[in-house]
Amino acid sequence: MKSKLRFCTHTAMAALMIGACGAIAQAQTDSDQIETVTVTGFRASLASALDAKQKSNLIIESVTPEDIGKMPDKDVAESLQRLPGVQIDRSGGEGTQVRIRGLSYNVTLLDGDIFVTGREMYTTGEGSGAGNGNEFQNSMEGIPLALIGGVDVYKSPKASLVAGALGGTIDLRIRNAIDGKDGLTLGGNLGLSFSQGAKSGTPGGAIVASYKVSEKFGILAALSYDEHDVRVFEAQSQNRNGWTVAGPSTGVNNTIGKDYIEPELSYLTHQTVNRKRFGSFVGINYNPIDSVQTSLTWFHSKLNVDRRDITDKVFIHSNGEASGLDASMPSSVDSNGVVLSGTFMSRSAETAAMVEEDKNVADNIQANIKYDNGGKFRISGKVAYGKGTMNSEFAQADVRPSGYGIDGSNGTSSQFTGNLPGNHYANPQGCGGNNGSTTGVNSC
């Protein structure tokens, strides 16, 4: 089976808000005992996250830039896994889907607007959709960490946020050039990762540059690249038709004298995954006067994934292709019916080979303007455009050394485990088939 999938998403939104702000409470201080406290660096990062949670009337969790750099996380999903109530899925050794309170259908925003990467659309493979092809995934593995200025996770709804999530909202904060020091500022990192079984290491790194002309104007640019080569060896149980209870009380595989639970298939998989992730960000901030703030940002990301699987599948439970536990061999089953040790008898096996190549490209552009002079009138406007494209090519083939069910010459289905009779073919009407005849075969 070979398929190609192309998916493209466009989003555009313009918003205008006019509101009234309440009176500003003024703190009473003693003019003779005025103190100034300046918090910078790591303390400022922690104080910012704590202040956001204290001031919000919502259930919110925040990740600051300092928190993002603490651990060797590969993408945004892996940084969010340490927050309370947030779980992630993994695929090929890397965090992908984010779940908020166990729910995977969440909205991802970039500074308050819809954010697309192309990777949130589909996944393929032997285990996707019970082997029937693509399914929705909503992965965040295509978002480079180095380009993000922080993350807010909203677990409860907010009127000003884009709606549509069952679980919650993930808001990625962009960097602001005016927040830095005057003049040119450079920062970055460089790394090399190794995977057991890989022939060589893979590089990764990022560089961030900002130039602050004054408190009114600044430019910030960032580049990020990382590559990871992963080898995964898996042993797992898979079911197409659910688990089976075998033993005396069910009349199935009554060989060891007690009931036990068994899966349908045992999967032994050797998987290789190569990811190449590139990202760039450009932001311009211009505040002509103190009460007016404007910004223009462009967020570009690209993710290439090359995945190759070889899986040996062995049937275990009694569906006509296995005979359960071998009573002549030692076995152990606990009081809950879980097999702790034993030897299963199987009459069938499959080998599945799968190759998948995904290419994801996304661009998200935003233009913002805000007016707020501290009075009762304020106004803000925003225009956002996002485009995410995924091009996926995948091929999969199964080979079974034992017999499949095939069409016989009389049009019925038969199961064979040895040499096939001369008048039985998988497709009697096809090339080499006998078309129901016992005297010859179809010409090619």
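This is a predicted model: local features need pLDDT of at least 70, side-chain atom pairs count only at pLDDT 80 or more; totals for chains, interfaces and linings use all residues.
Local features are reported only at pLDDT of at least 70 and side-chain atom pairs only at pLDDT 80 or more, whereas totals for chains, interfaces and linings use all residues. Residues are numbered from 1 along each chain as its sequence is written, and side-chain values use heavy atoms, with hydrogens and water left out.

The protein contains 3 helices and 25 strands. Helices (H or I, at least four residues) and strands (E, at least two) are DSSP runs numbered from the N terminus. Of its 444 residues, 39% count as buried; buried means under 20% relative accessible area, exposed over 50%, and partly exposed in between, with a 1.4 Å probe and protein chains only. The accessible surface comes to about 24,200 Å², and 54% of this surface belongs to carbon and sulfur atoms. Accessible areas were computed by the Shrake-Rupley method with a 1.4 Å probe, and for residues only the protein chains shown count as cover. Among contacts (heavy atoms within 4.5 Å) between residues at least 6 apart in sequence, 66% join residues at least 24 apart.

Nonpolar cores were considered next. A nonpolar core is a set of buried Ala, Val, Leu, Ile, Met, Phe, Trp, Tyr and Cys residues joined through side-chain atoms within 4.5 Å. In soluble globular proteins, nonpolar side chains tend to be buried together. The largest core in the model has 26 residues, and Val76, Leu80, Val151 and Leu172 have the most contacts inside it. Two or more residues of this core come from each of α3 (76-80), β3 (86-91), β4 (94-100), β9 (150-154), β10 (169-173) and β13 (217-238). The largest share, 3 residues, is given by α3. Leaving aside residues up to four places away in sequence, Val151 touches Glu61, Ser62, Val63, Val76, Leu80, Ile170, Asp171, Leu172 and Arg173. A second, separate core has 5 residues, among them Ile60, Leu109, Tyr154 and Leu161.

Strand pairing was then examined. Two strands pair if DSSP finds at least two bridges between them. An open sheet of 5 strands has the order β2-β9-β10-β5-β6, with mixed pairing. Its edges are β2 (60-63) and β6 (113-114); each has a single partner strand, so one side of each is left without a neighbour in the sheet. Strand β5 (residues 107-110) pairs with β6 in the antiparallel sense over 2 bridges, and Leu109 has Ile114 in β6 as its bridge partner. Elsewhere, β3 and β4 run antiparallel and are joined by 5 bridges. The bridge partner of Gln87 in β4 is Arg99. These two strands form a hairpin with 2 residues between them, and Gly92 in the turn has a positive phi of about 60 degrees.

Salt bridges, defined as a side-chain nitrogen of Lys or Arg within 4 Å of a carboxyl oxygen of Asp or Glu, number 14 by this rule. One of them joins Arg90 and Glu78, with the closest N and O atoms 3.1 Å apart. Arg90 lies in strand β3 and Glu78 in helix α3, 12 residues apart, and the pair links distant parts of the chain. Arg90 counts as partly exposed because its relative accessibility is 47%, whereas Glu78, at 3%, counts as buried.

In another salt bridge, the side chains of Arg231 and Asp229 meet at 2.7 Å, N to O. Arg231 is partly exposed, with a relative accessible area of 25%. A further salt bridge connects Lys313 to Glu350, where the closest N and O atoms are 2.8 Å apart. Lys313 belongs to strand β17 (residues 292-315) and Glu350 to strand β22 (residues 349-372), so the pair ties together parts that are 37 residues apart in sequence. Lys313 counts as buried at 0% relative accessibility, and Glu350 counts as buried at 3%.

Thr202 lies in strand β12 (residues 202-212) and counts as buried, with 7% relative accessibility. A polar atom of the Thr202 side chain lies 2.6 Å from the backbone oxygen of Glu227. Not counting residues up to four places away in sequence, Thr202 touches Gly191, Leu192, Ser193, Glu227, His228 and Asp229.

How values were computed
A polar contact is a pair of N or O atoms within 3.5 Å; within protein, one must be able to donate a hydrogen and the other to accept it, and residues adjacent in sequence count only if both atoms are side-chain atoms.
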